[in-house]
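Please examine the arrangement of the chains and domains in the structure shown here.

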Number of protein chains: 4
Amino acid sequence: MLSLESDYIKGAHEKILERLCEINMEPQPGYGSDRYCEQAGEKIKAACGCPDAEVFFLAGGTQTNAVVIDSMIQSFEGVVAADSGHVSIHEAGAVEFTGHKVLTIPGKDGKIQPENLRTFLEDFWKDGNHEHMVFPGMVYLSYPTEFGTLYSLRELEDISEICKKYQIPLYLDGARLGYGLMSRECDLTLQDIARICDVFYIGGTKVGALFGEAVVFPKHNTPKHFINRIKQHGALFAKGWLMGVQFDVLFTDGLYFEISKKAVELAQQMKEGFAQRGYEFFIDSPTNQQFIVLENKEMERLKEKVKFSFWEKCDDSHTAVRFAASWAATESEIRELFEILDEMRN
Amino acid sequence: MLSLESDYIKGAHEKILERLCEINMEPQPGYGSDRYCEQAGEKIKAACGCPDAEVFFLAGGTQTNAVVIDSMIQSFEGVVAADSGHVSIHEAGAVEFTGHKVLTIPGKDGKIQPENLRTFLEDFWKDGNHEHMVFPGMVYLSYPTEFGTLYSLRELEDISEICKKYQIPLYLDGARLGYGLMSRECDLTLQDIARICDVFYIGGTKVGALFGEAVVFPKHNTPKHFINRIKQHGALFAKGWLMGVQFDVLFTDGLYFEISKKAVELAQQMKEGFAQRGYEFFIDSPTNQQFIVLENKEMERLKEKVKFSFWEKCDDSHTAVRFAASWAATESEIRELFEILDEMRN
Amino acid sequence: MLSLESDYIKGAHEKILERLCEINMEPQPGYGSDRYCEQAGEKIKAACGCPDAEVFFLAGGTQTNAVVIDSMIQSFEGVVAADSGHVSIHEAGAVEFTGHKVLTIPGKDGKIQPENLRTFLEDFWKDGNHEHMVFPGMVYLSYPTEFGTLYSLRELEDISEICKKYQIPLYLDGARLGYGLMSRECDLTLQDIARICDVFYIGGTKVGALFGEAVVFPKHNTPKHFINRIKQHGALFAKGWLMGVQFDVLFTDGLYFEISKKAVELAQQMKEGFAQRGYEFFIDSPTNQQFIVLENKEMERLKEKVKFSFWEKCDDSHTAVRFAASWAATESEIRELFEILDEMRN
Amino acid sequence: MLSLESDYIKGAHEKILERLCEINMEPQPGYGSDRYCEQAGEKIKAACGCPDAEVFFLAGGTQTNAVVIDSMIQSFEGVVAADSGHVSIHEAGAVEFTGHKVLTIPGKDGKIQPENLRTFLEDFWKDGNHEHMVFPGMVYLSYPTEFGTLYSLRELEDISEICKKYQIPLYLDGARLGYGLMSRECDLTLQDIARICDVFYIGGTKVGALFGEAVVFPKHNTPKHFINRIKQHGALFAKGWLMGVQFDVLFTDGLYFEISKKAVELAQQMKEGFAQRGYEFFIDSPTNQQFIVLENKEMERLKEKVKFSFWEKCDDSHTAVRFAASWAATESEIRELFEILDEMRN
């Protein structure tokens with residue numbers, strides 16, 4: 001069975017496993033106070049061009065979103081997101097669990113349109129009385145989005161400017177950050193993100209690590225006693241060094257970018273393969289996830305040989321599905337996918 | 001530098017690392033729906049003598065306590081714990097963060113005394129009006145306790161009977177469960193725990209795993225939609241199989257018990273070593289943690305060569321400290337500890 | 001200055017004040033355990049045709065919504081509401097504060113369309129995996145809606161049937177219930193509501209009382225230890241009898257319905273007055289609130305003599321505003337409104 | 001039946017009722033933005049000798065405590081209280097419901113001992129690592145306490161100094177403030193409280209009002225967007241002016257102090273009456289609540305003619321009970337109490 005259903009179906013890059021094995025019996029201080037976390041932090045700060053940043057490691061994306069959002073906004077504030085935003089749809093209400101509303105605005109291809117955001121905030125603030133409303137306290141966006149799409153540098157800068165005008169932080173969820181930055185269509189760098197955003201995370205779970213997300217506060221703006229807040233959320237990892245080691249490896253000699261690039265290239269091969277065969281795309285994704293519309297019967301037959309993800313029903317006879325190329329995908333897998341498809345179609 | 005400060009200073013048992021390396025590139029379904037979690041669950045249920053139990057894996061102890069407690073009690077209920085209980089003192093208010101009060105009763109040597117619990121519950125219920133009070137909705141205890149002490153089978157059964165009388169579940173925090181069960185003074189088995197408790201967890205983080213705690217619901221009493229609750233708490237691990245694999249190894253051929261036993265035996269060697277040299281014990285612990293009273297100057301000198309944990313000030317010139325023997329400790333480390341001590345004292 | 005900006009600008013019906021003065025020095029037991037609460041409850045149950053119902057009094061609408069919703073749904077559940085629903089827009093996130101998401105679906109004229117609700121629930125449940133989503137745990141609707149509109153008996157029954165199919169309770173927010181039931185266009189009764197809904201409240205604050213809302217659980221379905229839950233939310237009123245007395249008066253000899261009817265009739269006079277003068281209606285409301293589109297300059301001039309509520313901007317030169325006729329409004333006030341308007345327009 | 005069981009068994013002082021009747025049909029803006037709230041605020045600020053203070057009105061004590069505490073501390077902080085503190089024992093976990101731990105320290109006669117507080121805070125801060133602990137973020141005390149006892153000016157100043165040293169606010173719960181300030185043993189004034197405390201409330205519900213508590217922030221320290229926070233807690237009263245009017249009356253010509261004084265004097269007559277008859281006092285209270293130890297049989301007989309509150313069991317044959325003199329108590333009631341007692345004893 002060929003597995004292309006997501007980018008978190010395999011363990012870790014071999015260099016990570018090797019390193020974890022090497023240092024396995026070295027005693028380490030707990031809770032992220034070890035030298036590997038320190039070292040990984042330094043490398044990430046260098047990669048961000050941001051020597052003054054502060055870096056923390058958390059174990060998963062939903063957890064990271066809940067901790068970061070809850071820590072950076074006031075109790076009477078909510079977080080603005082596109083209506084397709086992960087925090088709104090697919091985190092089982094983890095943000096609301098911490099007491100905050102997710103304020104959704106209509107997205108386009110998974111992205112917040114700067115003009116929609118501007119209108120939303122203008123409308124909120126121009127009316128005199130907000131005492132019965134949830135204040136917009138932060139803007140959340142994902143890069144790449146849940147649909148694999150990318151913001152342009154210009155779009156991010158526009159959104160950032162709007163945030164600055166209304167004095168609310170901009171938070172970028174980078175669960176698949178590498179796959180965005182290494183896309184041919186990406187016109188920005190990690191340094192741009194560190195310059196533009198007030199907080200963001202560099203996803204490890206989906207990009208080569210066993211688990212782990214690196215939260216970066218680039219502007220001396222770490223919430224006070226952030227470790228306590230993490231602990232209070234049940235999110236403080238005892239053996240924090242496990243994440244330090246992993247990110248240390250990922251940010252040594254550009255491994256994070258290298259493996260991301262390979263995955264995106266394979267995804268583009270997939271994209272071309274589907275296009276050549278005349279498949280309809282649910283959305284045009286320049287990153288590692290491809291969303292294809294399949295005729296239901298074909299989908300059922302394909303299921304017997306390939307694992308992919310159900311995305312959504314298009315109509316009674318068609319369904320959008322997702323194929324993902326991860327850091328661990330191989331050219332032979334892509335070849336196999338199309339061999340199976342071609343065989344099925346003959 | 002000799003490291004004996006805690007039982008979570010090293011990675012994982014070599015068999016676990018090997019297995020993680022072996023299956024690293026096998027594609028797995030996410031969120032604990034894989035066959036390793038299934039397999040580990042089966043082995044744990046067998047070890048518990050409880051084929052009908054349900055088993056879930058979470059990444060850390062505080063997280064597990066918050067999720068389990070919040071999921072099993074009503075919003076107007078709190079959890080009863082000894083005043084030294086981990087949930088009350090050392091989890092940064094993670095239980096209160098979920099809206100529940102920790103109702104403390106005076107403990108003895110870290111343990112809830114059955115008679116204190118009975119009095120507490122009797123007093124609560126005999127007064128007619130509890131509408132302005134937090135209902136006791138669960139009893140929490142740790143085994144071994146935060147002081148390394150153990151409940152006897154009789155004590156646990158008494159506590160369980162009281163819980164049954166008041167129809168509230170009994171929850172056992174087994175962060176160091178192996179080190180309790182393998183103590184010479186332990187008069188109960190894992191099966192006893194599964195029979196007596198309504199929910200408990202088998203700690204992996206401190207007992208041979210990189211991370212992971214196995215929550216067991218032995219009585220068809222898993223909270224409805226428990227996975228959603230875990231997700232809502234930000235605690236659903238994407239690559240759940242990483243924990244499945246680890247517990248599968250730990251519960252194959254009794255590895256969990258074997259490595260626990262070794263740690264406890266080394267701790268007893270430590271205990272005897274301290275006793276022979278006339279050290280005062282802060283508390284009499286039959287498990288893998290030893291609490292010793294050191295004269296402050298000696299403590300300062302010892303710090304230069306050995307890592308241990310500060311526990312609490314005893315008086316102006318004495319301090320209680322903790323030495324822990326983990327699954328990864330060795331006889332030579334214990335020997336080295338006493339060589340250093342003996343050298344210092346000459 | 002003529003005041004028509006809302007229906008909570010004056011104190012209480014004179015009979016209520018009289019009764020409060022009469023019993024002022026009678027000692028009463030606290031927290032709603034008095035005979036006036038009992039008596040008012042009996043009268044409300046009779047009016048609902050529901051002798052087995054249970055009735056509780058809370059001091060305000062937002063509080064009532066938060067307590068009822070949080071008490072009736074599970075932690076992993078949210079409440080489904082129209083996107084214009086009060087709980088979603090105008091309660092400062094009080095529902096999210098208790099940890100629950102408000103799941104919005106597009107409304108029409110402030111109402112949930114049964115077919116939209118059906119689709120929403122079908123879509124949620126047909127997809128196999130909801131472990132990362134917030135479960136729909138209740139349906140919330142307001143009657144009349146925030147736009148003054150009314151559900152027909154048929155619509156309510158359809159919604160109720162859908163709720164039953166998915167086994168979730170239907171909650172009706174009756175902050176202005178009297179003004180709905182006494183509308184000429186209303187085709188249902190309080191008994192219908194008690195039969196159809198799983199929980200609802202009869203608003204007092206906007207309908208003749210100083211304050212107070214009567215929550216009715218008609219189906220032996222009061223959440224366990226509901227008083228404790230109220231207290232935990234900070235919503236248990238010490239002198240509960242103050243609300244008992246008020247609802248006792250309101251439900252004696254049909255006063256609640258009589259004063260509601262008068263208000264709705266005055267509102268219909270307003271409506272006709274605006275219609276005769278060619279004003280555009282923002283929405284067609286058959287109840288006590290009227291929403292009129294004013295040209296901005298006219299609006300500014302009118303503001304000098306009449307208080308009304310800003311509703312929303314329509315375009316650069318027009319604004320929708322609200323005029324409300326409460327239980328305390330008089331025919332002469334309506335006359336005065338149109339005298340002012342007519343004078344302005346000449 | 002003679003009713004002395006508490007100080008919230010009757011409605012409001014007649015002057016308040018009169019005024020509420022007078023202004024009943026005056027239209028008012030909602031949510032506390034009316035001129036009566038303004039006026040009452042001014043009078044309270046004058047009485048506090050604090051022209052720059054900000055004053056808000058909430059409907060009840062538990063609600064006030066939850067809103068004030070949750071608004072003034074950070075999410076990772078808790079509130080320090082005596083173990084007998086109302087917020088810890090008798091508010092059904094309303095503080096924990098907002099996510100914060102109540103950190104209890106042993107009290108004496110219901111009071112925080114300054115030296116205990118100092119030790120608690122010193123101990124917390126001297127240990128280097130608090131990342132797993134709840135930070136003390138505020139000190140809560142009640143004046144008078146739940147046992148009717150009073151802090152001396154010196155004690156309050158000592159506590160305030162400790163709070164300043166650790167930079168945490170001091171909060172005084174004045175549910176019965178008048179009965180404290182008017183006690184013969186009180187050596188401080190309302191101005192002292194406004195000078196010493198960072199926030200406090202002046203109780204109305206138990207001191208002459210139908211309901212209402214006036215929260216005072218004397219030091220330009222109102223939490224940002226406090227109205228939103230109140231709304232989010234479900235605690236924003238629609239007809240806020242009802243509380244404004246009541247406090248306006250209470251703080252006109254010293255009515256609040258006058259009626260408090262009368263109540264305390266009657267309580268002292270009670271105290272003397274009990275003392276003369278040789279009754280044992282459960283605690284020595286200089287305020288309006290008296291705590292008497294009754295032999296159980298006598299208690300049962302007394303219950304037939306007098307209402308009092310159960311306080312706690314003393315031993316198998318004795319019980320502590322509470323008699324309260326409120327603003328509405330009369331000399332003839334006190335006389336009647338002793339006539340009943342004397343008759344019973346003959």
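The following questions and answers concern this predicted model.

Q: By what turn can chain C be laid on chain D?
A: The superposition of chain C on chain D gives an RMSD of 0.0 Å, with a shift of 0.0 Å along the axis. The two copies are thus related as by a two-fold rotation axis. The turn is 180°.

Q: Why can the copies, chain C and chain D, be said to meet through the same surface?
A: The interface residues of chain C are compared with those of chain D. The copies meet through the same surface because the share of interface residues of chain C that are also interface residues in chain D is 100%.

Q: Which element gives the most to the side of domain 1 of chain A that touches domain 2 of chain A?
A: Domain 1 of chain A comprises 2-7 + 256-345, and domain 2 spans 25-254. Their contact takes 24 residues from domain 1 of chain A and 29 residues from domain 2 of chain A. Helix H12 (255-276), strand S11 (280-283) and strand S12 (289-295) of chain A each give two or more residues to the domain 1 side. The most, 10 residues, comes from H12(A).

Q: Which three residues supply more than any other three of the area that domain 1 of chain A buries against domain 2 of chain A?
A: The two domains of chain A bury about 2,200 Å² between them, with 62% of it on carbon and sulfur atoms. Of the area buried by domain 1 of chain A, 36% is supplied by A:Tyr256, A:Phe257 and A:Pro286.

Q: Which residue forms a salt bridge with A:Asp7?
A: Between domain 1 and domain 2 of chain A the count is 1 salt bridge. The closest N and O atoms of the A:Asp7 salt bridge are 2.6 Å apart, and the partner is A:Arg176.

How values were computed
Residues are numbered from 1 along each chain as its sequence is written. Chains are lettered from A and ligands numbered from 1 in the order in which they are written. This is a predicted model: local features need pLDDT of at least 70, side-chain atom pairs count only at pLDDT 80 or more; totals for chains, interfaces and linings use all residues. Side-chain values use heavy atoms; hydrogens and water are left out. Copies are superposed by least squares on the C-alpha atoms of residues with pLDDT of at least 70 in both. Contact means heavy atoms within 4.5 Å. Domain bounds come from an automatic or database domain assignment. Buried area is the accessible area (1.4 Å probe) that two parts lose on being put together, summed over both. A salt bridge is a side-chain nitrogen of Lys or Arg within 4 Å of a carboxyl oxygen of Asp or Glu. Helices (H or I, at least four residues) and strands (E, at least two) are DSSP runs, numbered from the N terminus.
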